[in-house]
Amino acid sequence: MLDRLLSHDLPRSRWLAAALVLMVLALAFAPFLFPGSKALGVAAKMLVFVLLVASYDLLLGYTGIVSFAHTMFFGIGAYGVAIASTRLAPNFGALALGVLAALLLSLLLSLVIGLFSLRVKAIFYAMITLAVASAFQTLASQLSDVTGGEDGLSFKNPEVLSPSFEPFENPFLGATIDGKFISYYLLFVVVALLFLALLRIVNSPFGRVLQAIRENDFRAEAIGYRTVVYRTLSNVLAALFATLAGALLALWLRYTGPDTTLSFEIMLDILLIVVIGGMGTLYGAVVGSVIFVFAQNYLQDLLKLGQSALEGVPLLGQVVSPDRWLLWLGVLFVLAVYHFPSGIVGRLRLAAERTRS
Amino acid sequence: MTGNLLELKGVHTHIGAYHILHGVNLQVPEGRVTMLLGRNGAGKTTTLRTIMGLWPASQGELRFRGESLRGRATPDVASLGIAYVPESMGIFTDLTVQENMVLAARGARHAGELDAQRLEWIFGLFPALKKFWLFPAGKLSGGQKQMLAVARAIVEPRALLLVDEPSKGLAPSIINNLITAFNELKRQKTTILLVEQNFNMARALGDTVAVMDNGAVVHAGAMRELADDQALQQRLLGLSLGTHQ
Amino acid sequence: MTSAIAALATGAAVPKARFDWKPIALLVGIAALGLPLIGSPSTWITLTVAGLAMGMIVFIIASGLTLVFGLMDVLNFGHGVFIALGAFIATSVMGGMSAWAGDSGAANLVAVFTAMLVAMAVAGAVGWAFERVIVRPVYGLHLKQILITMGGMIVGEEIIKVIWGPLQIPLPLPDVLRGAYLLGDAAVEKYRVLAMLIGALVFAALAFTLNRTKIGLLIRAGVQDREMVESLGYRIRQLFVGVFVAGSALAGLGGVLWGLYQQTVVPQIGGQVTVLLFIVIIIGGLGSTLGCFVGALLVGLMANYTGFLAPKVALFSNIGLMVAVLLWRPQGLYPVTNR
């Protein structure tokens, strides 16, 4: 049954399976295992990133398309929720409307961008998506009436999801049942369902054609698949999933601004995670996101230890400064691209195969 | 066996997953014109490209003047004195005819350093090149481009010329120009390995012939032998080349 | 006997290629159009000079990028690192020399030029290392190239932060370069004139190298058909390293100029300019130096004109220009024909 749930795409490595089970359980019971709002916030961010990066893996790992416009769709989803909650009332109806509008806009934009990928080479396409995303970011900060400009939009959630909603006075197994608690499980359920949907998509005949196109698009075209159509569809699907991730983030943060979703830093983070986690595996998104978000929040403390040890040493001390954690990640990324392009997941699977044979 | 400028023994070439050359054995005697014939897809172009190092040989020996060519980078192969005229001609379309020629003349830093005598000789063979000397090569006609491609290969003396289907799509008068040029080169003791579908040209120029099929050389011998034997032609090339244009 | 060939070159009956004036006409046209729209000639002069200066700086930075792409099909998403490096080196050199230079105008100019030379040297050296370590392993693999050069940029930016700190550093113009020349009512900033001069110099040097030297010939041919150049006996891979290093050095120079233009330097300077660079080389035609030149000047003019006329639109003027040019010429202003 688990096999069918995962669309026959099993981890195929004991270590990977163990890691995944651990992570999923930790996320599933986070409110109980890790009390405190920071911990829950980190867990929620992990969930959002899992979905966001998995949707990008569909595009990059499975279809072989490098796009820098992904954060744009992420932002559209977030702003959809934010604008709807601010303009209309903060209830589920408005939310639904906002999400729907965001999905529609993403659909349109991704279609246009996808059709553009018809005529241009991959590098051209990457550059253009970079320009488009940058323009969109500028647009968002300029249209302050609609988007709140640089300051962004703060808004309330529907009552059930707001922190002030407390149906039960007493904590349950160590966790307070409040709006945040409910929001968290909403996120968890939605992300889980959408991830499984992505697994289903990449393991379907459609997904296999995508992989054929990634390997050799001339050949795929020659066999009779209209690569344009498949690429565009992949583009659209990735955009839609990213939009939903954005909506979830906005719901959790009750705030949306240009830097929470549209910034280039986030695009780089996605790239880092998908490559280090493992391109074309989807599980790489899970493993990568969890590790990355964890490192982003807690590694700094580790690095601080290192820094205090090297206190006084001029350059070396700076190199292990917690603020420079991105340096190490960048080095890891470069090594990953060249030496182990299938990332952590790929390596684990390779090791597992070797022990099997 | 002695007197072979170029020798291939058991050469295999893979392009990706495709196994194109299956053990090619080829001898190219020095100072002679060797014709490489065969149907489309027989592996003739692949053989030339393998010699030039554009595609690496996965197995076998390639020797030029006794030195091994295998594993050498393309520029190093060319530096040994081998000139290559590809089927697509490889003309630099944005550069002028002059610039194309200067580039091909490794010893010349600019047009003034080209061997004027040799250039006059080339102009004699291909007058159009003189006329369009400062014209962007991309604007030349197909036949003129082909002339330029060959002219580039002979702007300086070379030991071996690898020429891939020079007569394709050319008018008979231009083909005659080419035949004259190659005959002149033969007189200068240049060794030529020529891939050609035009059997008239092949017969007019070829001293020895090698016929390829399915990635291997299936017949090698004197040109005269093949030219006189219609049955052999039929068997090797699928039709009587006497009627072939 | 070179007279035969010389006679050829001067032969009356010899047809030559006709130079494509249209994109340059477009540039002049837009400048001319600006005058009535802006109204006052003095403002127009100031804006045009500002636009051309900005364009020149962008050209200096982008020229290396487009050549590297045209020649070896490598798009260096990390090109911005060299810009940042150049700018930060300028802060160190000029800061270090400020005591020595004191108030002397000449000495300060020496400091500025020293900064430029040091920046070019260091950026070139780092470029050499970048090509060896990051780019060379992924020749021909476009996907990996995009990712790995991006990774290189992240690492580079972080290393800059390690050396110079993560905050912005001021890069003040020395007094000798402050102020403006007055052409009637129009104020033309001295620094901008310098930037234009340097840009014009770089363009002239590039044009000369590309058109009058054999190396330039090799580069132009290599941009079209790398394989054929190798078949002619040239080790073009070594040439590529040279071009990459030159491009990085130019980016370093551009970084110094950009830093002085903004009078402040941040580690993210590379990333900020990257999008602009891509727009410029797409407009110009990937691989074309002249296209890059005209494209950069166009972008500079448009940015300054729209910044004055319609500031809200100015932010999108680049993209708008790119779309407009691509609709006219889908391969850029001066397309490079590849086989």
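The model is predicted: local features need pLDDT of at least 70, side-chain atom pairs count only at pLDDT 80 or more, and totals for chains, interfaces and linings use all residues. Residues are numbered from 1 along each chain as its sequence is written, while chains are lettered from A and ligands numbered from 1 in the order in which they are written.

Start with the six-stranded open sheet of chain B, in the order 6-7-8-3-9-10 with mixed pairing. Strands here are DSSP runs (E, at least two residues; helices are H or I, at least four), numbered from the N terminus. Two strands pair if DSSP finds at least two bridges between them. Strand 6 (82-85) and strand 10 (216-222) of chain B are the edges. Inside, strand 3 (33-38) and strand 8 (191-195) of chain B run parallel, over four bridges. B:Thr34 has B:Leu193 as its bridge partner.

Chain B also has an open sheet of four strands, ordered 2-1-4-5 and paired antiparallel. Its edges are strand 2 (18-29) and strand 5 (67-68) of chain B. Strand 4 (57-64) of chain B joins strand 5 of chain B through two bridges. B:Arg63 is bridged to B:Ser68.

Now the contact. Chain C gives 27 residues and chain B gives 33; residues are in contact if their C-beta atoms, placed from the backbone, lie within 7 Å. On the chain C side, helix 8 of chain C gives the most, with five residues.

How values were computed:
Contact = placed C-beta atoms within 7 Å.
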